[in-house]
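Here are some notes for anyone opening this one for the first time. Have the 3D view ready and go through the points in order.

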Amino acid sequence: MKRIVYLLLALALIPVALCAQENNLHHQSSTYQWPTDPQVKDKLDNWQDQKFGVLIHWGLYAVPGIIESWQICSEPWIERDSTMTYDEYKKWYWDFSKVFNPVKFNPEQWAQAAKDAGMKYVVFTTKHHDGFCMFDTKQTDFKITNGPFASNPRADVAKYVFHAFRDQGFMIGAYFSKPDWHSQDFWWSKYATPDRNTNYDIRKYPWKWNRFKQFTYNQISELMNNYGSIDLLWLDGGWVRPLETVTDEVRSWGAAIPAWNQEVDIPRIAAMARKAQPGLLVVDRTVAGPYENYQTPEQTIPDKALDHPWESCITLGNAWGWVPNEQYKSPTKVIHKLIEIVAKGGSLLLGVGPRADGTVELAEVKILKQIGDWMKINGQAIYGTRISSVLRDGNTFFTQSKDGKTQYALVCLPEGQSVPKTVEWKGNLPKKGAKMILISSGTKVKWTVVGNTVKVTLPASFSKKGEYPALAFAF
Ligand code: GLC
């Protein structure tokens, strides 16, 4: 009886939990505006070739191993330790800045693991919503270069993260949160902090908000001028946006919307940033228009192919930052998502969170390596491709080379089953007499077409392989 009650309770809580997760997810804008600056267009095209990147969340939240920043926000969906008052909780959290000392900080290990996975670009949290800066800003003392790690020769961590990834040939992205919950010009301690927005009325205190705007400008200017070459500026916290961009669609996403205009002047920031970094991609999430150079649906894949640039950001585990006892997605699951995303014209930005000591968990490194083992030999059907006129047939997805001369079929095989002797798909058929290659072995395969279906026979040796995430064919 007791068990049944628990079960019913647990079931009743599922919608609440899902809803809670929904609350801090960024959706996909429904309109897209192509850039006009030729350097931005070039970089965007180059970025669209990369397909697979890593989103690294690293900050104070790694110390206790909790959700990134959100636990200090007082929205109803956020659970907290009930033995502490909200104020105590915030203090407890801010004080991690006094103990965060990642003595094993090893961005070379991160970059190697990402490279081994077949990733080609990185986005690193230079500052998350909690306002703790992982770079040496002059605008606040709330930064990694001011705590116990200050005396470490690599205290300015963003610099060394970018450096390590640049050394592996990655495109470099700076994640920056527009909201800053530590700033007195965002969350003013004069008032309570009931939600993610500024807790004072900007219309009443314009001078205060102007100071915040300048602070944001100055921090981004530091990042754009002092950290070498940067390819993309990934601006999180889409609710910090001009009031006139709050459409019904934005309202339907459910986050609290303030009555005042919470905009930080992205056009001015972008102009400054592009002066320092010509061609820089600006990704002002969910603020559709000239500064959302690509769209960023979160933890989800759009249902159809889109021919403008977009990227799904999806966690390898469940959380963005490091948490204890995380459940990771299997390499096959990640590969299948990547295939679907690429066939639909997007890129996958996979979330990995290093531990507070500065290293990535070996369990994650192992999964990344297994993804890379597949990518290394099948990447031809992924990197540099574009959408094909046929998207999919069931679990088979199609891409094509940029010049449109080669079609690729990617057959996702069910997890836990051995490679079959033959596979078939409908819709995207090879031309009569065309050569078809199994990319992973480089061998020619036999195929026959009956009606609208092509049936492909795999090399005998390949069928003995056992389990394999997906087969890639070129024709
Ligand atoms: C959402 C979350 C934020 C996270 C980001 C990553 O914006 O609010 O915490 O960093 O997604 O995509």
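1. Start with a charged cluster: Asp45, Asp49, Arg386 and Lys402 are joined in a network of salt bridges (a salt bridge being a side-chain nitrogen of Lys or Arg within 4 Å of a carboxyl oxygen of Asp or Glu). Within that group, Arg386 and Asp45 pair up through their side chains at 3.0 Å, N to O.

2. A word on what you're looking at. This is a predicted model, where local features need pLDDT of at least 70, side-chain atom pairs count only at pLDDT 80 or more, and totals for chains, interfaces and linings use all residues. Residues are numbered from 1 along each chain as its sequence is written, and side-chain values use heavy atoms, with hydrogens and water left out.

3. The protein splits into domain 1 (2-381) and domain 2 (385-474), with bounds from an automatic or database domain assignment. Their contact (heavy atoms within 4.5 Å) takes 23 residues from domain 1 and 20 residues from domain 2. Together the two domains bury about 2,000 Å², 60% of it on carbon and sulfur atoms; buried area here is the accessible area (1.4 Å probe) that two parts lose on being put together, summed over both. On the domain 1 side, Ala343, Gln380 and Ala381 lose the most area to domain 2, together 27% of what that side buries.

4. How many salt bridges are counted between domain 1 and domain 2? The count is five.

5. Now a pair elsewhere: the side chains of Asp185 and Lys208 form a salt bridge at 2.9 Å, N to O. Asp185 sits in the loop between strand E3 (171-177) and helix H6 (206-226), and Lys208 in helix H6, so the pair ties together parts 23 residues apart in sequence. (Helices, H or I of at least four residues, and strands, E of at least two, are DSSP runs numbered from the N terminus.) Asp185 is buried at 10% relative accessible area, and Lys208 is buried at 3%; buried means under 20%, exposed over 50%, and partly exposed in between (1.4 Å probe, protein chains only).

6. Take a look at Arg285 too, which forms a salt bridge with Asp236, the closest N and O atoms being 2.8 Å apart. Arg285 is in the loop between strand E5 (281-284) and strand E6 (311-315), while Asp236 is in strand E4 (residues 232-236), so this pair links parts 49 residues apart in sequence. Both Arg285 and Asp236 are buried.

7. Finally, Asp201 and Arg203 meet in a salt bridge at 2.9 Å, N to O. Asp201 is buried at 18% relative accessible area, whereas Arg203 is exposed at 53%.
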